[in-house]
Amino acid sequence: MNYQQLISPQTQFYRSSHPFPLVLGGELPEVQVAYRTWGRLNESRDNGVLICHAFTGWADLEAWWQPLLGPGKALDPTQDFLICSNILGSCYGTTGPTSLNPKTGKPYGVDFPEITVRDMVHLQARLLEELGVRSLRLVIGGSLGGMQVLEWAACYPDWVKAIAPIAASGRHSAWCIGWSEAQRQAIYTDPLWQEGHYSPAAPPKQGLKVARMIAMSTYRSWGNYSIRFARNEQGEEFAIAHYLKYQGDKLVERFDANTYIALSHAMDQHNLARPDQDYETVLQSIPHPTLIVGIDSDILYPPVEQQELAELIPNAQLAWLHSPHGHDAFLINMDELNQLVLTFRQSLHTNSIFPSPCYP
């Protein structure tokens with residue numbers, strides 16, 4: 001069987017008519033999950049690797065992490081059964097605000113219930129049960145994906161063998177919550193939203209565009225923008241202004257405003273603490289070999305947050321992407337990231353002792 005035969009030709013769908021309870025209360029009467037797989041599940045059903053995508057990402061791993069995917073790479077479909085699903089709340093095929101509410105026959109829109117990262121993980125677990133995956137060799141993801149990774153370790157410790165959260169925190173900071181709120185307010189102030197004319201056919205594009213422009217200002221860094229744009233002009237405006245508008249327009253064409261709101265609220269709710277366990281205790285109870293990847297220029301999830309995870313998770317090692325690109329480095333410096341993850345996975349096979357955490 002060649003490599004091309006190991007690639008799923010298209011997105012698949014799992015549908016469940018059983019109610020899906022939500023952490024913050026209420027339930028979804030039915031759910032759908034869009035997902036893609038690469039490789040084959042082995043006879044013992046223990047070669048699963050779950051990849052968790054970021055905020056505006058989707059299940060097509062090849063579109064955004066191609067350098068990590070392939071024979072001999074960190075995510076090897078000749079050895080692993082790779083699964084990546086669109087998260088709960090997504091607008092790419094998994095139940096979310098753009099989905100039809102079976103009770104009304106209309107899109108949920110603003111009536112989509114409040115969800116959490118933990119809900120996303122519970123729905124992924126339903127999918128893996130359906131696929132027959134008994135064990136996950138690794139759960140890996142960046143940013144919002146990294147939050148899912150940490151919740152997997154806390155919610156399903158017996159299912160997971162190792163984790164790799166990248167450029168993520170164990171709880172959303174006031175800094176991040178503030179940026180999220182600014183982005184949501186940009187959507188709320190869109191005239192279409194204020195006038196109550198918002199519908200999937202007439203989305204508040206300007207508000208979503210501005211929200212993305214704000215977000216892009218946190219995904220990169222001072223150094224990245226200084227090197228790339230400086231005070232250069234493009235036409236009658238600064239090059240950086242042109243770039244941010246371009247990024248906003250791109251997102252508007254592929255994303256939904258209510259989805260943006262639902263997912264950003266879910267990130268703000270992110271906190272590994274449980275009703276019966278404080279934050280530090282939960283991290284200290286994670287038993288898995290853990291690779292924590294931080295980005296030294298990340299202003300959104302700064303190095304101090306990855307250092308905290310490494311200090312509290314007992315079997316953790318801390319590695320760094322040294323990059324001028326800021327938070328998005330995990331989607332830019334992918335060859336370096338591939339090597340970090342590959343080295344980590346090789347260490348699991350050799351039972352090597354993790355080095356002490358290193359700091360930038």
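**Entry 1: E151 and R118**

The model is a predicted one. I then examined the side-chain contacts of E151 and noted a salt bridge with R118, at 3.1 Å from N to O. E151 belongs to helix α3 (residues 144-155) and R118 to helix α2 (residues 117-131), so the pair, 33 residues apart, links what count as distant parts of the chain. I checked R118 as well: its relative accessible area is 15%, and R118 is therefore buried, the cut-off being under 20%.

**Entry 2: R345 and D80**

I next recorded a salt bridge between the side chains of R345 and D80, at 2.7 Å from N to O. I found both R345 and D80 to be buried.

**Entry 3: D60 and R36**

I turned to D60, whose side chain forms a salt bridge with that of R36 at 3.7 Å, N to O. D60 sits in the loop between β5 (48-52) and α1 (61-64), whereas R36 lies in strand β4 (residues 31-38); the two are 24 residues apart and join distant parts of the chain. For accessibility, I noted that D60 is partly exposed at 23% relative accessible area, while R36 is buried at 8%. I also found R36, D60 and E62 linked in a network of salt bridges. My search of the whole structure gave 13 salt bridges.

**Entry 4: the largest pocket**

I then looked up the pockets. The largest has a volume of about 700 Å³. Its lining comprises 36 residues, of which T56, R212, Y219, D328 and L331 are the closest to the centre. I listed the elements that contribute two or more residues to this lining: α1, α4 (174-188), α6 (205-219), α8 (239-254) and α9 (257-269). By class, I recorded 19 nonpolar, 12 polar and 5 charged residues in the lining of the largest pocket.

**Entry 5: the second largest pocket**

For the second largest pocket I noted a volume of about 200 Å³. I found 13 lining residues here, with E30, V31, Q32, T95 and L100 the closest to the centre. The elements giving two or more residues to this lining are β1 (12-16) and β4. I recorded 4 nonpolar, 7 polar and 2 charged residues in the lining of the second largest pocket.

Definitions and conventions: Residues numbered from 1 in each chain as written. Predicted model: local features only at pLDDT ≥ 70, side-chain atom pairs only at ≥ 80, totals over all residues. Heavy atoms only, no water. Salt bridge = Lys/Arg side-chain N within 4 Å of Asp/Glu carboxyl O. Helix = DSSP H or I, 4+ residues; strand = E, 2+ residues; numbered from the N terminus. Buried < 20%, exposed > 50% of the residue type's maximum accessible area, 1.4 Å probe, protein only. 1 Å grid on protein atoms, 1.4 Å probe; cavity = no way out; pocket = protein on both sides within 12 Å on 5 of 7 lines; lining within 4 Å. Points joined across faces, edges and corners; volume = space filled by probe spheres on them. Nonpolar A, V, L, I, M, F, W, Y, C, P; charged D, E, K, R; others polar.
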